[in-house]
Structures are given as C-alpha cells and as structure tokens.
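Welcome! Please look at the sequence and the model shown here, and then follow this short tour of some helices, strands and loops.

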Amino acid sequence: MTSHDAKDTSAAPLPTAQDEVARICRDLIRIDSSNYGDGSGPGERKAAEYVMAELAEVGLEAELLESQPGRSTVVLRLEGEDPGRPGLAVHGHLDVVPANAADWQVDPFAAEERDGCIWGRGAVDMKDMDAMILANLREFARTGTRPARTTTFVFFADEEAGGVQGSHWLVERHPGWFEGVTEAVSEVGGYSVTVPTPDGEQRAYLLQTAEKGIVWLRLHAHGRAGHGSVLGDENAIVRLAAAIGRIAAHEWPREYIASVKQLLDGLSGLTQIPYAAGLDPLLAVLGGAQGFVRATLQDTANVTMLEGGYKHNVVPQTASVAVDCRFLPGHEDSLLSTVRELAGEHVEVEVVHRDIALEAPWDGDLVEAMKQSLLREDPGAAVLPYCLSGGTDNKALATLGIRGYGFAPLRLPADLDFAPMFHGIDERVPVESLRFGARVLGDFLRTC
C-alpha cells in the first residue's frame with residue numbers, strides 16, 4: 001500500500017475564537033440594526049437571530065427576549081469553574097447609530113475589507129466586541145471550556161437610545177439573569193494608544209473605570225406667532241438662538257475625578273511630560289483619543305438637533321432644540337440648574353432622558369485580571385484607567401449594584417485615529433486587532 005492510500009486519521013483542528021472573529025464581525029455589520037432613537041428603524045431582531053443561530057450551531061441554548069416587537073436582546077449564562085465565586089456579566093449591544101452612506105468612502109453596511117481593516121457602521125461601536133464575545137462562546141462550547149466565574153453574556157437592544165428598550169428593560173423585567181453578578185465588562189475600554197517616552201514609543205491600553213452621566217434635554221422657546229413682514233420682539237426662534245448662544249459660550253468648571261487624575265498621572269509618568277502648568281502638551285500625545293479625555297474634565301452641553309418654523313413668511317410661536325448634556329459624578333443637579341438659568345425665562349427645559357454617572361475602583365481581582373490578559377499578549381505595554389465621556393449599558397446594571405468596566409481589547413496601529421470613529425464616518429477596525437481582542441478576551445474569561 002502506497003502512502004497516499006493510507007487513511008488519514010488526523011482530525012481537522014477546531015476553529016478558535018481568533019479564527020472566527022473577523023467573519024462574525026463582517027456578518028454583524030452587514031445586518032442593518034440602525035437605531036434612530038424615535039422607535040423607527042429596523043430594530044435588532046435580525047442581528048439577535050444571527051447571534052442565536054451562531055450559538056445554537058455549537059449547542060448553546062440562549063434566550064431571545066423582546067421589549068417590543070423587533071427590539072431584541074439575547075441572554076445566555078454559562079456556569080463557571082468555581083460557581084461559588086461572585087458572578088460576572090459580559091455584554092455588548094446589537095444596535096448602531098445611523099450612517100449616511102453619501103458621507104462614507106464605502107457602503108457602511110457592506111463590511112468591506114480594505115487596507116487590513118473591516119469597514120462599516122458598528123466596526124468599533126460595537127459589533128467588534130460582539131464578535132469577540134460570540135467567537136469565544138463558540139470556542140468554549142466546542143472545547144468544553146468554562147469561564148472562571150459563572151458568567152451572564154448579553155447582547156442588548158437599544159443602547160444607542162439610552163437602553164430604555166434594552167438594558168434598562170431587562171434589569172427591570174428580568175433581573176434574575178443577573179442574580180449573583182457583582183461586576184461587568186463591556187465597551188469603550190481596553191484599546192491602545194501609542195505615546196512617546198524617553199526610551200521610544202510605547203503602547204498604553206486605556207481601561208474604562210468611569211463614565212459620565214447623561215441628561216438629554218429639549219429646550220422649547222415660546223413667543224408670539226405673526227406675519228414675517230411685521231416687527232416684533234417675541235420671536236421664539238430669536239429667543240431660542242439666544243439661549244443656544246449662552247449655553248455654547250458657558251465655561252463649565254474643571255474638575256479632575258479619580259479616574260481622570262490617575263490617567264493624567266500615568267501618562268505623565270510614561271512620557272515625562274508634566275501637566276501642572278497646562279494640559280495641552282500631555283493630552284496631545286493621545287491623538288484622537290484626547291477628545292474623550294478632554295470631555296471628562298468638566299460637564300458638557302452640546303446642541304444636536306434644531307426645529308422651528310413651518311413657512312418662510314410666518315414667525316412661529318415655538319422653536320425647539322435638543323441638547324446632549326453629560327455630567328461628572330455628583331454634578332447632575334448643578335448641571336440642570338445651570339442649563340435652566342442659561343436658557344432664560346422664555347425657554348422651557350424638558351428632560352427627555354437621564355441616567356447616572358459611574359465610577360469603579362482601579363484595583364481588585366477583576367482589574368488585575370484585565371491587566372494581566374492584556375500584558376500576556378503585549379508584555380511591554382502599560383495599562384491605565386480612564387473615564388468615558390459617553391455612556392454604556394453598565395449604567396442599567398449599576399441599578400442592581402453591579403460595578404461596570406469598559407474592556408473591549410484592541411491592539412491598534414499607532415497611526416490609526418481610532419476614537420473619533422465612534423459615531424463617525426468611515427468606521428473601521430483592523431482584522432489583526434480583532435484577532436488580538438479575541439485572544440485577550442478569551443484569556444480573561446478563563447482566568448478572571
């Protein structure tokens with residue numbers, strides 16, 4: 001019998017998380033789950049069904065829950081190697097913000113691969129992390145691996161509209177999924193920035209330990225309706241414009257909360273750039289990520305949508321503007337009071353949505369596990385805490401007493417302007433960064 005006649009008894013190696021993560025990320029991006037914030041849009045159902053199918057293929061039974069038709073969340077719990085330890089939640093969201101295709105170099109829902117990156121809406125926020133989670137669940141199922149701690153995995157609906165139909169709904173209606181859970185990890189943390197040091201460039205991973213609170217407001221200016229040709233001093237649009245001008249010009253007081261101070265001290269230590277006399281030289285080393293950091297030095301109020309009038313020759317009775325306010329821990333009441341004062345007597349301030357600020361400790365077993373998982377893949381790196389200027393579904397979990405962190409690990413090229421791609425155009429993630437993240441997340445789940 002010749003060698004080529006011999007029966008090959010070797011089995012093909014099982015695919016690993018890093019083998020599958022790019023495919024899953026592409027598949028998820030190609031499912032349009034745009035969330036317009038007003039109940040319109042396709043919802044998350046198709047993305048949730050995709051997640052369910054990928055889990056079922058490897059024998060994992062998850063549950064799909066809907067707050068409303070099409071607003072779908074997927075939940076799965078895996079028992080840990082040590083069920084006696086406090087539980088963990090690992091979560092992502094399936095919705096994305098809308099994308100105007102005319103602004104992009106590529107179709108935002110085609111998941112085109114170009115220059116070593118997967119392009120598309122959700123590539124960084126946050127179908128990349130969804131793919132890392134799903135890829136590791138599939139590897140765990142194939143190999144019979146258990147996470148170190150009993151872990152609830154969630155793919156939420158509606159994060160981009162404050163989680164009302166997703167995370168908040170789930171913790172209010174189905175809190176049993178989080179029984180025994182004390183800590184959680186999710187998005188917008190664990191990505192690298194490359195900074196200069198006296199010994200050359202060094203990667204630093206920004207691990208999110210805090211996030212600002214949210215107050216979404218709508219300001220309604222009132223005046224007297226009339227003919228566009230007639231003089232008048234009660235124009236609602238003029239009153240609204242004056243209020244917008246005052247809010248935009250307001251200088252919010254600066255305050256360094258613990259996570260911000262720890263980040264600045266850590267960066268200063270790495271780069272040997274002091275910041276007592278001014279922050280600009282130090283923050284400049286962060287590149288595009290400095291936008292997130294600058295916004296955590298103070299409260300903010302940004303105008304995002306404007307509405308007023310209905311005909312060229314009619315002075316309208318009302319005009320409205322949407323304002324996205326973000327506040328540091330403990331600042332919610334003072335921010336609202338300030339905005340009301342700046343709005344003035346003829347402008348009503350309506351609170352549309354509000355949610356809490358978070359701050360978690362930069363120590364403990366979970367933080368150490370995240371650090372070590374990163375450093376095992378990138379031994380020469382530094383890991384620093386930071387505060388997120390935006391918000392995550394960790395806010396909803398915090399109502400159950402669960403401490404939340406941002407840990408979607410990505411080793412990024414030094415020249416990739418990553419942070420501005422959150423809700424930006426030409427969103428993309430390097431394939432090698434996804435593979436890195438899948439390995440790190442899997443290591444973390446096995447060792448935390």
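At 0% relative accessibility, leucine 206 counts as buried, because buried means under 20% relative accessible area, with exposed over 50% and partly exposed in between (1.4 Å probe, protein chains only). This is a predicted model, in which local features need pLDDT of at least 70 and side-chain atom pairs count only at pLDDT 80 or more, while totals for chains, interfaces and linings use all residues. Residues are numbered from 1 along each chain as its sequence is written, and side-chain values use heavy atoms, with hydrogens and water left out.

**Around leucine 206**

Leucine 206 sits in strand E9, which covers residues 200-211. Helices (H or I, at least four residues) and strands (E, at least two) are DSSP runs, numbered from the N terminus. Which residues does leucine 206 touch, not counting residues up to four places away in sequence? They are Gly189, Gly190, Tyr191, Val193, Leu263, Leu384 and Tyr386, where contact means heavy atoms within 4.5 Å. Cysteine 387 is 181 residues from leucine 206 along the chain, and their C-alpha atoms are separated by 9.1 Å.

**Two helices and their spans**

The expected span of a helix is 1.5 Å times one less than its number of residues.

| Helix | Number of residues | First to last C-alpha | Expected span |
|---|---|---|---|
| H10 (residues 365-377) | 13 residues | 19 Å | 18 Å |
| H12 (431-447) | 17 residues | 25 Å | 24 Å |

In H10, the buried residues are Leu366, Val367, Ala369, Met370, Lys371, Ser373 and Leu374. These buried residues pack against several elements, including E9, strand E3 (87-93), strand E17 (382-388) and helix H12. An α-helix has 3.6 residues a turn, so residues three or four places apart point the same way.

H12 is mostly covered, with twelve of its 17 residues buried. Among them are Val431, Leu434, Phe436, Ala438, Leu441 and Phe444.

**Helix H1 and its two partners**

Now turn to helix H1 (residues 17-29), which packs with helix H2 (residues 45-57) at an angle of about 150°, their axes 10 Å apart. Axes are lines fitted to C-alpha atoms, for helices over the stretch in contact, and angles run from 0 to 180 degrees between N-to-C directions. The crossing of H1 and H2 is right-handed; a crossing is left-handed if the near helix is turned anticlockwise from the far one by less than a right angle, and right-handed if clockwise. On the H1 side, the contact is made by Arg23, Ile24, Asp27 and Leu28, while H2 contributes Ala47, Tyr50, Val51 and Glu54. By class, the contact of H1 with H2 has five nonpolar, no polar and three charged residues. Here Ala, Val, Leu, Ile, Met, Phe, Trp, Tyr, Cys and Pro count as nonpolar, Asp, Glu, Lys and Arg as charged, and the others, Gly among them, as polar.

Leucine 28 belongs to helix H1 and, at 0% relative accessibility, counts as buried. Leaving out residues up to four places away in sequence, leucine 28 touches Ala47, Tyr50, Val51, Lys127, Asp130 and Ala131.

H1 also packs with H12, at an angle of about 125° and with their axes 8 Å apart. That makes H1 oblique to H12. The contact is made by Ala17, Gln18, Asp19, Val21, Ala22 and Cys25 of H1 together with Val431, Leu434, Arg435, Ala438 and Arg439 of H12. Seven of these residues are nonpolar, one is polar and three are charged. The crossing of H1 and H12 is right-handed.

**Backbone details**

Most residues other than glycine have a negative phi, and most peptide bonds are trans. Aspartate 158 has a positive phi of about 70°, although it is not a glycine. Aspartate 158 lies in the loop between strand E6 (151-156) and helix H4 (167-173), and counts as buried at 3% relative accessibility. Finally, a cis peptide bond, with omega about -15°, joins aspartate 125 and methionine 126. Methionine 126 is in the loop between strand E5 (117-119) and helix H3 (127-143).

Terms used:
Parallel < 35°, antiparallel > 145°, perpendicular 65-115°, else oblique.
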